[in-house]
Each structure stands twice: as structure tokens, then as C-alpha cells.
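Here is a friendly briefing to read alongside the model. Take a moment with the sequence and the structure, then follow the topics below.

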Amino acid sequence: WYQRRVREGMVLMSPEYESYCVNEFTAEIYILQHPNNSKIKIGFEATVFIENIRQKVLITHMEKEITTGQKAKVRLKFLQYPDLVGEGSKLFLRNGRTKAMGTVSEVTKIPTQIIVTEDDVIN
């Protein structure tokens, strides 16, 4: 039964802990490498690595278009499912030869409700 509900990277918490799932977050990123000096724009997709999270994200908003050696504040949206991200978390972005690093500066919290059923209780 647990194989349908538990996936790699999930976090186990006490029901008293005020938990939030994040679907979108803002990060300050610095582009380490981007080929051909082309610009990274809104709509760019990459894989983000934040602590135990490895998931595809989409840039939905950014201050300016950027390339290698530049930094900007960007809004990122998870493409698969919401995840637990905290402000101040370090991140790494990767798409092919494009690589960037940064810090989560703001999160859009989605309140979650923990529902425990009899099937969830392990004896």
C-alpha cells in the first residue's frame, strides 16, 4: 500500500509541525555556464537540485534576460508536483551544458492538511 503513497525524497514530519508545500518560489541565481552566450529567458526549463529534491522547473518570471557570469532574481515553478522548500536553501540548476547556482529567497506556500487513515497506521 505504501508504494502508491510514498516516493523517494518525501519528508516524514510530526502532525504538529506546520508544514507547507511549495509550488513556486523565487531565487537569486548566478549563471556559471551557458553555451554560445545566448540569453536565458522566461520559459527556460531546467532540473533543480535543492537538498533532497531533484525536479524539473520552469522560469515563469525574471528581472532581465541573463547569460554566463550574470545573476538575476527569477521565479521558478515545479513542473511535476509541489515539494518542501525553505527560504535560504541553496540550489543548483542544470540543463545540458547550462549550469547555475543560487539561493531561494521567497516561497509561495500552499497549506497542506495531514490526513491519517487506518491504512496509514503501521502496527
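## Salt bridge and overall layout

A search of the whole structure finds one salt bridge, a term that here means a side-chain nitrogen of Lys or Arg within 4 Å of a carboxyl oxygen of Asp or Glu. Please keep in mind that this is a predicted model, in which local features need pLDDT of at least 70 and side-chain atom pairs count only at pLDDT 80 or more, while totals for chains, interfaces and linings use all residues. Residues are numbered from 1 along each chain as its sequence is written, and side-chain values use heavy atoms, with hydrogens and water left out.

**The chain as a whole**

- The protein chain has zero helices and six strands; helices (H or I, at least four residues) and strands (E, at least two) are DSSP runs, numbered from the N terminus.
- Read from the N terminus on, the elements run β-β-β-β-β-β.
- Of the 123 residues of the protein chain, 28% count as buried, where buried means under 20% relative accessible area, exposed means over 50%, and partly exposed lies in between (1.4 Å probe, protein chains only).
- Among contacts (heavy atoms within 4.5 Å) between residues at least 6 apart in sequence, 67% join residues at least 24 apart.

**The salt bridge and its surroundings**

- The partners are Glu-24 and Arg-75, whose closest N and O atoms are 3.4 Å apart.
- This pair links distant parts of the chain, with Glu-24 in strand S1 (residues 20-33) and Arg-75 in strand S4 (residues 71-78), 51 residues apart.
- Glu-24 is partly exposed at a relative accessible area of 24%, whereas Arg-75 counts as buried at 16%.
- Val-107, in strand S6, is 83 residues from Glu-24 in sequence and 6.4 Å from it in space, C-alpha to C-alpha.
- Val-107 counts as buried, with 11% relative accessibility.
- Leaving aside neighbours within four places in sequence, Val-107 is in contact with Val-22, Glu-24, Phe-25, Val-85, Gly-86 and Glu-87.

**The nonpolar core**

- The largest nonpolar core has 24 residues, of which Phe-25, Ile-29, Ile-50, Val-85, Leu-91 and Leu-93 touch the most other members; such a core is a set of buried Ala, Val, Leu, Ile, Met, Phe, Trp, Tyr and Cys residues joined through side-chain atoms within 4.5 Å.
- At least two residues of this core come from each of S1, strand S2 (45-50), strand S3 (53-62), S4, strand S5 (90-95) and strand S6 (98-111).
- S1 gives the most to this core, with five residues.
- Not counting residues up to four places away in sequence, Leu-93 touches Ile-29, Ala-46, Thr-47, Val-48, Val-57, Thr-98, Lys-99 and Ala-100.

**Strand S2 and its partners**

- S2 and S3 run antiparallel and are joined by six bridges; two strands pair if DSSP finds at least two bridges between them.
- In this pairing, Phe-49 stands opposite Arg-54 in S3.
- S2 and S3 form a hairpin with two residues between them, and Glu-51 in the turn has a positive phi of about 50°.
- S2 and S5 also run antiparallel, joined by three bridges, and Val-48 stands opposite Leu-93 in S5.

**Thr-98 in strand S6**

- Thr-98 lies in strand S6 and is buried, with a relative accessible area of 6%.
- The side chain of Thr-98 makes a polar contact with the side chain of His-34 (2.7 Å); a polar contact is a pair of N or O atoms within 3.5 Å, where within protein one must be able to donate a hydrogen and the other to accept it, and residues adjacent in sequence count only if both atoms are side-chain atoms.
- Thr-98 touches Gln-33, His-34, Pro-35, Ile-40, Phe-44 and Leu-93, not counting residues up to four places away in sequence.

**Aromatic pairs**

- A search of the whole structure finds two aromatic pairs; rings of Phe, Tyr and Trp (its six-membered ring) pair if their centres lie within 6.5 Å, and planes under 30 degrees apart count as stacked, over 60 as edge-to-face and the rest as tilted.
- The rings of Phe-25 and Phe-78 have centres 5.4 Å apart and planes at 50°, so this pair is tilted.
- Phe-25 in strand S1 and Phe-78 in strand S4 are 53 residues apart, and both are buried.
- Phe-49 and Phe-92 form a tilted pair, 6.3 Å centre to centre with 45° between the planes.
- Phe-49 in strand S2 and Phe-92 in strand S5 are 43 residues apart.
- Phe-49 is partly exposed at 30% relative accessible area, and Phe-92 is partly exposed at 29%.
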